[in-house]
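Please look over the sequence and the model before reading the points.

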Number of protein chains: 2
Amino acid sequence: MGSNLYVGASINIDGSERTVYLPRCLRGGQTIQRRAEILAFFKSTPELHDPIPVEFMTREERIDNAARKIVAMTDNLDEIDAADFFGEGMYYQSLIMGRDLHPLSLHFVMFIPTIQGQTNDEQLDEWLSLAVARGIIGTYAQTELGHGTNLKNLETTATYDPKTEEFIINSPTITSAKWWPGALGKSSNYAVVVAQLYTRGVCYGPHPFIVQLRDLETHKPMKGVRVGDIGPKFGFNSSDNGFLLFDNYRIPRQHMLMRYSKVEPDGTYIAPKHSKLGYGTMVFVRSIMIKDQATQLAAAACIAVRYSAIRRQGEIKPGSGEVQILDYQTQQFRLLPQLARAFAFMFAAYEIRDMYMKVTEQLTHGNVDLLPEIHALSSGLKSVVSWEAAQGIEQCRLACGGHGYSLASAFPEIYAYSVGGCTYEGENIVMLLQVARFLMKAAEEVRNGNARLANICGYLAKSGSAHSGFRSWDAYTDGDIVQDFEHVARKQVFRAYDALKRHQRETTAEEAWNRSSIELCKASRMHVRLYLIRTFLEKVATAPDATLQIPLKDLTRLYAFDLISASQGEFLKGGFMSESQAEGIREGIYRCLERLRPNAVSLVDSWDFDDAELHSVLGRRDGNVYPALLEWAEKSQLNRTEVLPTFEKYLGPMMKEGRSKL
Amino acid sequence: MGSNLYVGASINIDGSERTVYLPRCLRGGQTIQRRAEILAFFKSTPELHDPIPVEFMTREERIDNAARKIVAMTDNLDEIDAADFFGEGMYYQSLIMGRDLHPLSLHFVMFIPTIQGQTNDEQLDEWLSLAVARGIIGTYAQTELGHGTNLKNLETTATYDPKTEEFIINSPTITSAKWWPGALGKSSNYAVVVAQLYTRGVCYGPHPFIVQLRDLETHKPMKGVRVGDIGPKFGFNSSDNGFLLFDNYRIPRQHMLMRYSKVEPDGTYIAPKHSKLGYGTMVFVRSIMIKDQATQLAAAACIAVRYSAIRRQGEIKPGSGEVQILDYQTQQFRLLPQLARAFAFMFAAYEIRDMYMKVTEQLTHGNVDLLPEIHALSSGLKSVVSWEAAQGIEQCRLACGGHGYSLASAFPEIYAYSVGGCTYEGENIVMLLQVARFLMKAAEEVRNGNARLANICGYLAKSGSAHSGFRSWDAYTDGDIVQDFEHVARKQVFRAYDALKRHQRETTAEEAWNRSSIELCKASRMHVRLYLIRTFLEKVATAPDATLQIPLKDLTRLYAFDLISASQGEFLKGGFMSESQAEGIREGIYRCLERLRPNAVSLVDSWDFDDAELHSVLGRRDGNVYPALLEWAEKSQLNRTEVLPTFEKYLGPMMKEGRSKL
C-alpha cells in the first residue's frame, strides 16, 4: 500500500465510497509532492500565465505570447529536475505552454541533442555551451517541400569548395525548400541543415551541417538565406514552423558535423567508422510521444466524463427528472473504452521508457540484441497509439454535443494536437510497414525453425490452442486473454507472410511487398495490440491492493472485449471462438460499462489533472460549467463592442434599403 | 448517351483513353451549362471574392468579409434560380461563402420558413415581405445552454399579461440562455424564440414567438435583451453563433406565431387543431445535408487523389525513379473507398430529395403513409453519412502527410465543417435511436405477422437465403450483394429486438430501451448501409453506356467489399459466409484497387470541382502544387515583416544575455 507506484483515489465499490490506490506512474513517476510543488510554482508565477485564453488571440498574439512564456519558463528551469523530461519536464512544460510548440522546442529536442551526438570534440566545445546558455536558437531542418520519408532523395546540396575551404549550401529547386521545422520561420538564427554532401564531384549522401540563418544583432536573414513561416495549420499555431531556401550560401568547412564522417581541407571525404546507432534516441522520443498521446486521451476522457455527469437530458424513469447523460449506455460506450485505452497507453509508455533505459544500459556493454525488436515495437506503438488516441478524443468530443464543438471545451485543440502525432516522427503507415519488415523476418525464422525471438515476439513460435479459453465475461483469465490475442496476431502475421511469399513468386520483391502491404499493416497492428493488452494486464496484476484491482480489472476487460468485438471476424475464423463466445464478449462489454459507471468520475479524477492543465470550460473540476461557458463567451473577440462595424458598413444599409422598398 | 443524367469524363479502359459519361446528378442536377454560367458570373464579379484567403484572416476580419460577401451575394440572386436551392443555390453559395455560415444563413434557412409555416394570415402579411426584402435579419433561437435534444425541458418562459396584452419573455436561469443559433450574436435584429408558454397560470409547453433583439437604427440590443457571440469554434468561424438572455422583456401578444395555437387577448389558450406535419421539411433539410457531406467527402478525395498523383516518394522498381504515391496499395486503400463512398452518398442524397418531393405530393392528397419510414431513413442517413464522411475526410488528409496538416490543403477546414454535421440537426446517436424506434415497430409487426412495410423495410419480412451468394469477386451480382446486406441487417434488427424484449421482461420499458441501445444503434446503421448499397447499385445499373459501367461498377464493388470486410464477423456468423468467401472479399478489395488506379484521377475530375470551390493548394487542377505552397506560405501573417517584435522584446535579450555569460 505504501508502494510509491500507487496514489489514493476515492472509488465506489459495491455502493460504498472508499479510498484505493491507482498507479502513480500514470502521472509521471514524479512524486505527488513534486507535482504539487511544480503546480504551486506555476500558479504563483504570473509571467508563466496567458493574459487571456490563447483561443481568443490572433496568430501574431499567440506567437508573441509563446515567445514571452518560453523565455520565462526557461529562466526558471531550476524549479524542476530538467534531466527528468519524461516526468517533471513534460508536466512543467504542459502547464505553461499548453498544447502547442514554442520558439525553443526544436532547440531543446533536436538541435542540442544533434550537437551532442554528431559533433567532434572541437565542435562540441564551440557549440554546446552556446546553445545551452540560449545564446543562439537552433532548429533542425531535414524534411523538404517535396521530400519527407525518403531521405536519400533530399535535394539540398552542400558542395565543398577547397579553394575557400567552404561548403556552398544550395536549394536547386522549389521542392528542395526545407519545410515544416518548428521555430524555423521567425525564431531561430541557427539550424542543423541536412544536405547532400558533394566533394570532388562525388555525392556522399545526406549529412548534417550547422548553418547560421539570421544575423545575431539584427535577426535579419543572412544574404543567400530565404526563410519564413509556412502559414497556419490545423494545430500548433503558436509555432512558427518554417521554410528555408539557400542561394549558394557559403559556410566554413568546420560547420559540417564531423563526429562520424569528415571532409578534409583538400576535399577528401572520410567515411564514418561506426553506424550511427540512432535507434536509441528514436525509442526515447517515441516513449515521450506515447505518454503525451495517452495524457491527451485521458484529458479528453476526463472532460467528457465530468461533463456527462453534469449534463442532464431526457428521462429514463418517467417523472424522476432528467438523468445524467452518463447513465445512457450509448454514452458509456463512447467514453469508457477511451478511458481504458488511456490507461493501457500510459502503461505502455512507461514500459517502453523502461526498455529504452535497459537497452541504453546494454548498449554501453556493446550489446545490441534487443534494439531492433524494441525499435520496431516503439514504431508500431507510435502508430497505433496516435491513431487510436485521436479517434478516441473525437468520440469524447462528439459525446459532448454542441458544446464539444466550441473551443471552450478544448476538444478541438486536443484533437488537432494529438492527431498531428499520426504524421510527425514517421507517418503511421510507413511506421507499420517498418514493423512488418521486422515481423516478416521473424516469421521467416519461425518457418525455418531457427527463431531466436525475444519475449515480445516469442508468441510467433508458439503453437497455441485451437480454441479460445473464454467461458464467461467474468471468468476470462489474463492468461486466456493473452493467448487469444496471440492467436489472432500470429494468424495475421503468417497470413501476411504467406501472401508476401505468394506474390514474390509472381513479381519483383518490391512489388510483392506493395501488393501485400494492407495485410502487412494489419499484422503490425495486431502485434502492437497484443503488446498493449499484455502490458496492461501485467501492470494491473501488480496492484498491491485487491480492492483496487476491481475497477482496474474492469477496465482491462472492457479494453479487451472492445478490441475483440471490433475484430470479431478474426476471432471467429477457423472456429477459434464460437458464436456463443462472441455473444459472451458483447455481454461482457455491457457488464463492464455498468460496473464502471459508478467509478467513472473517480477514475478520471485519479489522473489528477489541474484545471490549468485541462484548459477546458467543460471539464472543470468544480462542475460549474454553465456560468463558466457564458463568462468564457463574453470574452470573445466579437463581444468587445456591442455593435460590429459590419452593421454600419454592410448590414445596416442593406436592411434600410429593404425596408424602404416596402 | 444523350441522357441528361450523364456528363462526359475521360476514362482509361484497358489502357486506352476514352470519354465516357458519369452521372450528372453528382454535381447538382443543374445542366452543365448552368454550372458554367454561375461559375463565370462568380469569377467576373470581384465583390464576391475574398481579398486574401480567409485562413489568413483574424476572426473579426472573417466576420467582416462574410457580411460584405453575403450582401453582395444576395444582391445578385437573380443570377440563379433561387428556388432550386438543392442544385443552383448550393453551388452558388459554396463558390462565394466557402465552407462556412454567414449573417443571413439562419434568416433564409429557418427564419423565413418558420414565418411561412407558423404564422396566421395577418402575421404572414406583416413579416414575410419584410424578411424577404432583407429589411430585418432574423434567426431561430431554440436550443439553450443546458437543453438541446429534449425540447420539453426548455426553460425560457413567455408569460402572458392580459393587462397590457403582452408576453413577458424571461430567462430564469443561466442554463436557459439561448445558445448556438447562427448569426444570433451580432448580425440578427430579430429572432423566432421558442419559449414555454404560460397563460392564466398554466404552462402549455414550447411555442414560437417573434422577438425584436436589436434597435433598427442603432443595432444596439434592446433593453432587457442580453445578446452576444459564443466565441470561436472548431469550424464556422465566420459565423457569429450567439447567446441570448431575456430579463422580463415584453413583446406584443401578436408576436406569438399563431397559425396552430393561439392566446386570446383575455389570456384564453386555444390549442392547435392539426399536428404540425413538420417531418417533410426535416427530410428536405437532411437531403441537403447529405448532398453537402457527399460533396465535402468528394472534394477531400479529389484533393488527395490529385496530390497523390503529383507526389513522388520511394521506389517500387529499383532504379526507375520515385513513384507516384498513388501507386502504393496502402494509399489506394486509404483513398479509393472514400471516393466510392462519396458516389454512394451523392446518389442517396438525390434519392431522398426525390422521395421528399413524392411525399410532399402525397401530402397534398392527405396521404401520410410513407412519411414515417422516410423520416426515419433520412435521420439514419444523416447520422451514417455525416460520420463516415468525416472519417473519410480525415483519411484523405492523413494520406497527404505533413502537407495535409497545413491549412493550405483545406483539409482541416473541410473536416471541421463536415464533422459538425454529426452534431447539428440532431445528434447522431439520438438520430440512430429514432430510426431504431421505427425498426422495432416494424420488427414487431413482422413477428406478429401483420407487417405492411414499404419497400425500404420490406426485407425485414423476407426469409432470405441461409448462405451468401458470393462466388468470386467478379461474379458477385447486384442481387447477391443486396441479399447479403439484407441478411445481416435483418439479423441485427431482430437481435436488437430480442434483446429489447428480454430486457423488457426484467425492467421498465425505458430502462430496457437503454440497456439495448448499443444493439439498437447497430441495427439502425446496418439498415442505412443496406439502403446506401442498394441505391448505389440501382443508380449505376441505369448507366446508359456499358463501358461507363466498368469503373462505376468497380466502385460499387469496392464499396461493398470494404463494408463487408469491416463487419466480417457479422457475415461469418451462422456460416452465412464461409471463410473462403471472406478471403474472396478481401481479394476483391485488392482487385478493385488495381482496376480503379488508372481511372482514379478521371473519377475525381468527373465531379467537376473548380479550384475556387476546392480552395486547396494541394488539390489544384493544374498540379502545380509546390510553387503554389510556397506562394501561399509567403502570405502568412507572420511573413509581413522579416523580423517579428518577439525578437526585440524577448528572444534577442535572452540570447544576448546567454552569449555574454560565455
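Predicted model: local features only at pLDDT ≥ 70, side-chain atom pairs only at ≥ 80, totals over all residues.

Residues are numbered from 1 along each chain as its sequence is written, chains are lettered from A and ligands numbered from 1 in the order in which they are written, and side-chain values use heavy atoms, with hydrogens and water left out.

**Annotated active site**

- An unreviewed UniProt entry lists Glu425(A) under "active site". UniProt positions follow the numbering used here, feature names are shortened, and annotations may be inferred rather than shown by experiment.
- Glu425(A) sits in the loop between α10 (411-419) and α11 (428-447) of chain A. Helices (H or I, at least four residues) and strands (E, at least two) are DSSP runs, numbered from the N terminus.
- The relative accessible area of Glu425(A) is 33%, so the residue is partly exposed. Buried means under 20% relative accessible area, exposed over 50%, and partly exposed in between (1.4 Å probe, protein chains only).
- Glu425(A) is in contact with Val285(A), Arg286(A), Met289(A), Lys382(A) and Met431(A), leaving aside neighbours within four places in sequence. Contact means heavy atoms within 4.5 Å.

**Annotated binding site**

- The unreviewed UniProt entry gives Thr143(A) and Gly182(A) as "binding site". They are spread over 40 residues of sequence but cluster in space, with a largest C-alpha distance of 11.2 Å.
- Thr143(A) lies in the loop between β3 (138-141) and β4 (157-161) of chain A. Thr143(A) is partly exposed, at 31% relative accessibility.
- Beyond its neighbours within four places in sequence, Thr143(A) is in contact with Gly148(A), Ala177(A), Lys178(A) and Trp179(A).
- Gly182(A) belongs to the loop between β6 (178-179) and β7 (190-199) of chain A. Gly182(A) is buried, at 4% relative accessibility.
- Not counting residues up to four places away in sequence, Gly182(A) touches Leu106(A), Thr139(A), Ser239(A), Asp240(A) and Asn241(A).

**Strand β3 of chain A**

- β3(A) is covered on both faces. Gly138(A) and Tyr140(A) are buried on one side, Thr139(A) and Ala141(A) on the other.
- β3(A) and β7(A) run parallel, joined by four bridges. Two strands pair if DSSP finds at least two bridges between them.
- Tyr140(A) has Val192(A) in β7(A) as its bridge partner.

- In chain A, an open sheet of three strands has the order β6-β10-β9, with antiparallel pairing. β6 and β9 (225-229) of chain A stand at the edges with a single partner strand each, so one side of each has no neighbour in the sheet.
- Two bridges pair β6(A) with β10 (residues 242-246) of chain A in the antiparallel sense. Lys178(A) has Leu244(A) in β10(A) as its bridge partner.
- Helix α20 (residues 625-634) of chain B packs on this sheet, touching β6, β9 and β10 of chain A. Its direction makes about 115 degrees with that of β10(A). Axes are lines fitted to C-alpha atoms, for helices over the stretch in contact, and angles run from 0 to 180 degrees between N-to-C directions.
- Chain B has an open sheet of three strands in the order β6-β10-β9, with antiparallel pairing.
- β9(B) and β10 (residues 242-246) of chain B run antiparallel, joined by five bridges. Gly228(B) stands opposite Phe243(B) in β10(B). α20(A) packs on the sheet, touching β6, β9 and β10 of chain B.
- Seven of the ten residues of α20 (residues 625-634) of chain A are buried, so the rest of the structure largely encloses this helix. Among them are Tyr626(A), Leu629(A) and Trp632(A).

**Nonpolar core**

- The largest nonpolar core has 288 residues, of which Trp179(A), Leu381(A), Trp179(B) and Leu381(B) touch the most other members. Such a core is a set of buried Ala, Val, Leu, Ile, Met, Phe, Trp, Tyr and Cys residues joined through side-chain atoms within 4.5 Å.
- Trp179(A) touches residues including Thr143(A), Phe243(A), His403(B), Leu629(B) and Ala633(B), not counting those up to four places away in sequence.

**Cysteines**

- Zero disulfides turn up in a search over all chains. A disulfide is a pair of cysteine sulfur atoms within 2.5 Å.
- For Cys400(B), the nearest cysteine sulfur is that of Cys396(B), 7.4 Å away. Cys400(B) is buried, with a relative accessible area of 3%.
- The sulfur of Cys457(B) is 16 Å from the closest cysteine sulfur, in Cys521(B), which is too far for a bond. Cys457(B) is buried, at 0% relative accessibility.
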